[in-house]
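I opened the notebook to look up a few features of this structure. Here is what I noted along the way.

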Amino acid sequence: MVIAARPAPSPAPSLRRAARVRHLGPNWYAAVMGTAVVGSAGVALPGRGAVPSGVLAGVWALSLIALTALLTARTLHWVHHRDQARAHLLDPAMAPFYGCLSMALLAVGAGAMTAGLPLLGTGAAVALDTVLFSAGTAVGLTAAVAVPYLMAVRHRAEPVAATPVWLLPLVAPMVSAALGPLLVPHLPAGQPRETLLLACFAMFGLSLIMTLLMLGLVFARLVTRGPLPLALTPTLFLVLGPLGQSTTALAKIADAAPGVVPAPYDRGLGVLAVLYGVPVMGFALLWLALSVTHVVRARRHGMGFAMTWWAFTFPVGTCVTGAAALARHTGLGCYDALAVALYTVLVGAWLAAATGTVRGLLSGELLAGPRPAPSALR
């Protein structure tokens, strides 16, 4: 008698879903950041109604949905693929992306107070931003310490491996510095408001100094070892993040200072916002031009879509808010025009990155295992 072999039972649906996220790294939070900033930067544009508020609110809602889905997927990743999660922490090309988790939480939280306000109302927006700002700041400060520690003690990366990706965990506290002032008016008057505002100023300082130290390594690698690998070329835009975000941060801190910090420090912060922001925005435009030339070269040499394309979005968005802030503090129309021009670039970059991501998800290519190529984003 022949006994037919029973077919092997198929994996449970939960296990099949978990298998799909094995190679889902923290770099995916860049897509949330890039989506959220389209809404927030649109609100910052000069003139009321430059972009319909309903459109900006819809973009913010999309970022909230993406953040929720990604947090769920990353939880599955940690539960079912702890070996891969630990490998990401020990990978000098992937560990810096833990700063993106912080910035995604912060960007969506701040978006609730700006683009998402018509959907939520003030009370719900403040509550959501409080939770996400607190969590994002805690994660960001932890990453700013833990990732450089791992790089020094466990990663031991060579100078030739230096890329703008190394800036990510160091920029996260600067995002907190730029977005924290939104919550200052909603705290009790007196020490609570002043404490939060000066804490934002402190995070501005710690992020700026650490970023300057790391930026020297990145620039030295670029000019002594040649262009970055094709897939990593878009990460040159990441340098714009601390430049635009620091300009935005000082302006926002100065805006919130009157009545919160004593004179003459409140007026001094307004002066500092202009004295710092104007030259830094000039350097940002120089770096933008340099980055564009590298990307054009990479495209001519065959650079295709990769998740690194999301580097075109959030950093440019911070320059939009930085230019808009300088327009408010100087009254110069050229900064208004610059903010609008950069926002146009941001929208085009978001459309390109989002289209490529959707195609990659539908084909399964973006969630497949890493290829043997010199790429930090998978």
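I looked up Pro264 and found it in the loop between α10 and α11 (265–300); helices here are DSSP runs of H or I, at least four residues, numbered from the N terminus. The peptide bond from Ala263 to Pro264 is cis, with omega near 5°.

A note on the source: this is a predicted model, where local features need pLDDT of at least 70 and side-chain atom pairs count only at pLDDT 80 or more, while totals for chains, interfaces and linings use all residues. Residues are numbered from 1 along each chain as its sequence is written, and side-chain values use heavy atoms, with hydrogens and water left out.

Next I checked helix α10, residues 240–256. It spans 24 Å from first C-alpha to last, close to the 24 Å expected (1.5 Å times one less than its number of residues). I found 15 of the 17 residues of α10 buried, meaning under 20% relative accessible area with a 1.4 Å probe, protein chains only.

Then I turned to the largest nonpolar core, which has 115 residues; such a core joins buried Ala, Val, Leu, Ile, Met, Phe, Trp, Tyr and Cys residues through side-chain atoms within 4.5 Å. The most residues, 11, come from α5.

Which residues is Leu197 in contact with, leaving aside its neighbours within four places in sequence? I listed Pro181, Val184, Ile253, Ala256, Ala257, Val260 and Val261, taking contact as heavy atoms within 4.5 Å.

Methods: Helices (H or I, at least four residues) and strands (E, at least two) are DSSP runs, numbered from the N terminus. Buried means under 20% relative accessible area, exposed over 50%, partly exposed in between (1.4 Å probe, protein chains only).
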